Amino acid sequence: MDSLKLIFDENLIKNKLFDCDSPLRISLKDDFFTRSAVLFSIVPYKEKPYELILIHRSNRGTNHRGEMSFPGGKFEVNKDKSIKDTALRETEEEIGVPRKNIKILGCLNDFPTMTKYIITPFVAIIDQNQKLIKEDREVQRILKIPVDFFLNKKSFREQAVDIDGNKFPIFYFNYINKENRKKYTIWGATAYMIVTFLEELYGFTLSNLGLERFKLEKIKDLKEYIKYRNQITKKF
């Protein structure tokens with residue numbers, strides 16, 4: 001895709017997103033799932049394609065240790081008045097950006113994950129001059145990845161995994177960081193959200209499998225999913 005078309009255009013992006021409280025947006029609620037939110041963080045530039053901010057998580061925790069993701073986490077009753085508060089609080093905690101320096105443009109549909117989370121993705125702008133400070137206990141590294149990397153079909157990989165007799169799509173990108181020459185694999189829900197966002201924005205289809213991720217009710221009926229993790233990631 002022409003890099004000029006990837007220069008940040010706030011109106012274009014806002015028009016492709018839902019208002020976060022819109023009745024047209026798919027908003028999921030189920031006590032079987034943990035409510036959570038991420039900040040789909042965009043760094044805009046005037047003369048080159050915008051970047052997405054992702055974090056390489058630490059090896060703490062159970063379900064998502066060592067993975068690449070957007071800043072975010074689960075809703076905390078004692079800390080958050082709303083799921084939007086969750087996205088803003090977690091972003092400030094994990095990458096050091098105060099909420100007053102975050103401009104939310106809109107939301108994507110809620111996203112149920114195989115690890116039994118419902119993610120609300122808030123799409124937002126973070127200024128290029130904003131200092132990013134990682135929270136060492138939770139974040140190994142902060143990366144700013146140009147959007148044209150994700151729109152390059154040579155960067156994109158997919159596989160169909162058999163889960164309880166059903167084909168489930170796994171998307172992933174292997175990004176080589178120029179600073180340390182290390183490979184970072186962006187996969188699972190994070191990769192799927194990025195692909196969905198870019199397809200909605202630019203009408204550019206990356207997947208050739210034609211498979212959909214499982215809906216919420218289907219996920220509820222599945223047996224333990226985490227056992228498939230090693231089977232999936234060894235193919236990256």
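Helices (H or I, at least four residues) and strands (E, at least two) are DSSP runs, numbered from the N terminus. This is a predicted model, in which local features need pLDDT of at least 70, side-chain atom pairs count only at pLDDT 80 or more, and totals for chains, interfaces and linings use all residues. Residues are numbered from 1 along each chain as its sequence is written, and side-chain values use heavy atoms, with hydrogens and water left out.

**Figure 1. Overall view of the protein chain.** The secondary structure of the protein chain consists of six helices and 11 strands. The C-alpha trace spans about 50 × 45 × 40 Å along its principal axes. Of the 236 residues, 51% count as buried, where buried means under 20% relative accessible area, exposed over 50%, and partly exposed in between (1.4 Å probe, protein chains only). Contact means heavy atoms within 4.5 Å. Among contacts between residues at least 6 apart in sequence, 68% join residues at least 24 apart.

**Figure 2. Surface and charges of the protein chain.** The accessible surface comes to about 12,400 Å², and 45% of this surface belongs to carbon and sulfur atoms. Accessible areas come from the Shrake-Rupley method with a 1.4 Å probe; for residues, only the protein chains shown count as cover. The chain carries 42 positive and 33 negative side chains, and the centres of these two sets lie 4 Å apart. Lys and Arg count as positive and Asp and Glu as negative, while His and the chain ends are not counted. Each charge is placed at NZ of Lys, CZ of Arg, CG of Asp or CD of Glu.

**Figure 3. The disulfide of cysteine 20 and cysteine 107.** The structure holds one disulfide, a term used for a pair of cysteine sulfur atoms within 2.5 Å. The sulfur atoms of cysteine 20 and cysteine 107 are 2.2 Å apart. This pair links distant parts of the chain, 87 residues apart: cysteine 20 is in the loop between α1 (10-16) and β1 (34-43), and cysteine 107 is in strand β5 (residues 102-107). The torsion about the S-S bond is about 95°, so the disulfide is right-handed. Cysteine 20 is partly exposed, at 27% relative accessibility, whereas cysteine 107 is buried, at 1%.

**Figure 4. Two loop residues with positive phi.** Lysine 116 belongs to the loop between β6 (111-112) and β7 (117-126). Its phi is near 70°, a positive value in a residue other than glycine. Lysine 116 is buried, with a relative accessible area of 17%. Arginine 181 is placed in the loop between β10 (166-176) and β11 (183-187). The phi of arginine 181 is near 60°, again a positive value in a residue other than glycine. With 59% relative accessibility, arginine 181 is exposed.

Figure 5. Threonine 190 is located in helix α4 (residues 188-202) and is buried, at 7% relative accessibility. Beyond its neighbours within four places in sequence, threonine 190 is in contact with Leu54, Met68, Ser69 and Phe70. Glutamate 199 also lies in helix α4 and is partly exposed, with a relative accessible area of 28%. With neighbours within four places in sequence left aside, the contacts of glutamate 199 are Phe204, Thr205, Leu206 and Ser207. The C-alpha atoms of glutamate 199 and leucine 222 are separated by 28 Å, and the two residues are 23 residues apart along the chain.

Figure 6. Aspartate 30 is in the loop between α1 and β1 and counts as buried, at 18% relative accessibility. Not counting residues up to four places away in sequence, aspartate 30 touches Ile118, Leu216, Glu217 and Lys220. Its C-alpha atom is separated by 27 Å from that of lysine 16, 14 residues apart along the chain. Glutamate 135 is found in the loop between β7 and β8 (139-146). Glutamate 135 is buried, with a relative accessible area of 19%. Apart from its neighbours within four places in sequence, glutamate 135 is in contact with Glu93 and Glu94.
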